[in-house]
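Look at the chain below before reading on.

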Amino acid sequence: MPTPRLTEFQSVPTSGARGVEPFDLDGMHLLAIPQLAYDIPGEPVDMNGGDSDTELLLLRRGETGYESFQRLPLPGGEDAEFFRIGDRAFLAVASIRTGSGPYQFAATARVLEWDGASFVEFQSFDSFAAKQWKHFTIRDRHFLALAQGVVLPGREADNRPSQIFVWDGERFVPFQDIDSRWAYNWHAFTVDGHHFLAHAEHVGPSVLYRFDGETFRPHQELADRHGRAFAHFTADGDFFLLVARLQSESQLLRWDGTRFVVHQTLHGPGAREFAVVPAPDGTVYVVRVNFVLGTPADPTTDLNSEIYQWCDGQLVQTETFPTTGATDVAVLHDDEEGLLIAVSHSLTTDVRFAARTVLYRFTL
């Protein structure tokens, strides 16, 4: 079976990059990169420090690679989510905080709309330590879910639940709150006619919710704590769900017709995100990126991230590649280069924010 390989195609200067969101718009191939923080000259290293009055970067595919297209003043960037409703195009952006210390986690999460030349604000939402937007549809209904929250000693009352909004034909309106204390992520999918929504939580259980036609109801627990992200794929006639956990071992779960059961443990902590790669040969490949190990006061950022391929009913690690504080991974279908893998790096080896987002060619 061919072995996958990543070869660096382009390295983009970024600062505290927390996500990579590729999308096509008006004939352009674009890449959105939210940035958490800039380094403050003279300040000691601190992975939770820096100046969070940052910009979201928009890159456009040019003749030789991705080039700067727009910079949007969106502070403390954690996530960007592109989606469409009819012929309208939107970009939802989550901001975890503002300021340069002390930080304000009561920030504004925004939905921008494309006006034909740039993204302009369409709707804003009060948020607290917002980390991810996720757009998904169930039949003809458009939902937009916000994962948020952080546990601050003495400020528990400031926290907010994660929230699900629904499109009413003109704007997004509240639909349902989801209990959370330190939420990170969402993942929506359908299996056996059931519409599911997975919610990643750090300090409590990550829970899978099932839509019953009226509301999202808890279906099962996916991880007891340390949840970060999810991805799914089908192989050998089965449906699988990956659960990334930062401070515990990640797991591959299999749908047994009623619930998800543990199929395989992916050894080692540190996982932040997964991407499933639709390889031309039909084999399932998975890229896992690792964030940090240790503690915020003494983090290790230079970690190997991994590539797995499906073989004999298991995910088998076949390659590793170096990353530093990796936060996100996405697959780009590039006209010139075929498949590209974009990886955002939020920290350097010496725990500075001026790291780079790297695009790799994916070849077999």
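A nonpolar core is a set of buried Ala, Val, Leu, Ile, Met, Phe, Trp, Tyr and Cys residues joined through side-chain atoms within 4.5 Å. Buried here means under 20% relative accessible area. Keep in mind that this is a predicted model.

The largest nonpolar core has 18 residues. Those with the most contacts inside it are V277, F321, I341, V343 and F362. Which elements give two or more residues to this core? They are β22 (271-278), β23 (284-290), β28 (326-334), β29 (338-345) and β30 (356-363). Take I341 as a way in. Setting aside residues up to four places away in sequence, I341 touches L6, V277, V329, A330, V331, V358, L359, Y360 and F362. Another core lies apart from the largest one. This other core has 17 residues, including A32, A80, W114 and F119.

Now step back to the whole chain. How many helices and strands does the chain have? The secondary structure comes to 0 helices and 30 strands. The radius of gyration is 19 Å, close to the 21 Å that the globule rule gives for 364 residues, so the chain is as compact as a globular protein of that length. Along the principal axes, the C-alpha atoms fill a box of roughly 50 × 45 × 45 Å. Of the 364 residues, 59% count as buried. Contacts can also be sorted by distance along the sequence. Among those with a separation of 6 or more, 47% come from residues 24 or more positions apart.

The surface comes next. The chain exposes about 15000 Å². Carbon and sulfur atoms supply 45% of that area.

Two residues show how sequence distance and spatial distance can be read together. G50 sits in the loop between β3 (28-33) and β4 (56-61). Is G50 buried or exposed? With a relative accessible area of 13%, G50 is buried, because the cut-off for buried is under 20%. G50 and F353 are 303 residues apart along the chain, yet their C-alpha atoms are separated by 7.8 Å. F353 is also one of the contacts of G50.

I85 gives another reading. I85 lies in strand β6 (residues 77-85). I85 is buried, with a relative accessible area of 10%. Not counting residues up to four places away in sequence, I85 touches F90, H142, W167 and F172. I85 and D179 are 94 residues apart in sequence, and their C-alpha atoms are 28 Å apart in space.

Finally, check the backbone. The peptide bond from G101 to P102 is cis, with omega near 0°. P102 is in the loop between β7 (88-95) and β8 (106-114). A129 is not a glycine, but its phi is positive, near 55°. A129 belongs to the loop between β9 (119-128) and β10 (132-138). At 0% relative accessibility, A129 counts as buried. V351 is not a glycine either, and V351 has a positive phi of about 60°. The loop between β29 and β30 holds V351. V351 is buried too, with a relative accessible area of 11%.

Terms used. Residues are numbered from 1 along each chain as its sequence is written. This is a predicted model: local features need pLDDT of at least 70, side-chain atom pairs count only at pLDDT 80 or more; totals for chains, interfaces and linings use all residues. Side-chain values use heavy atoms; hydrogens and water are left out. Helices (H or I, at least four residues) and strands (E, at least two) are DSSP runs, numbered from the N terminus. The radius of gyration is taken over C-alpha atoms; the globule rule is 2.2 Å times the number of residues to the power 0.38. Buried means under 20% relative accessible area, exposed over 50%, partly exposed in between (1.4 Å probe, protein chains only). Contact means heavy atoms within 4.5 Å. Accessible areas come from the Shrake-Rupley method with a 1.4 Å probe; for residues, only the protein chains shown count as cover.
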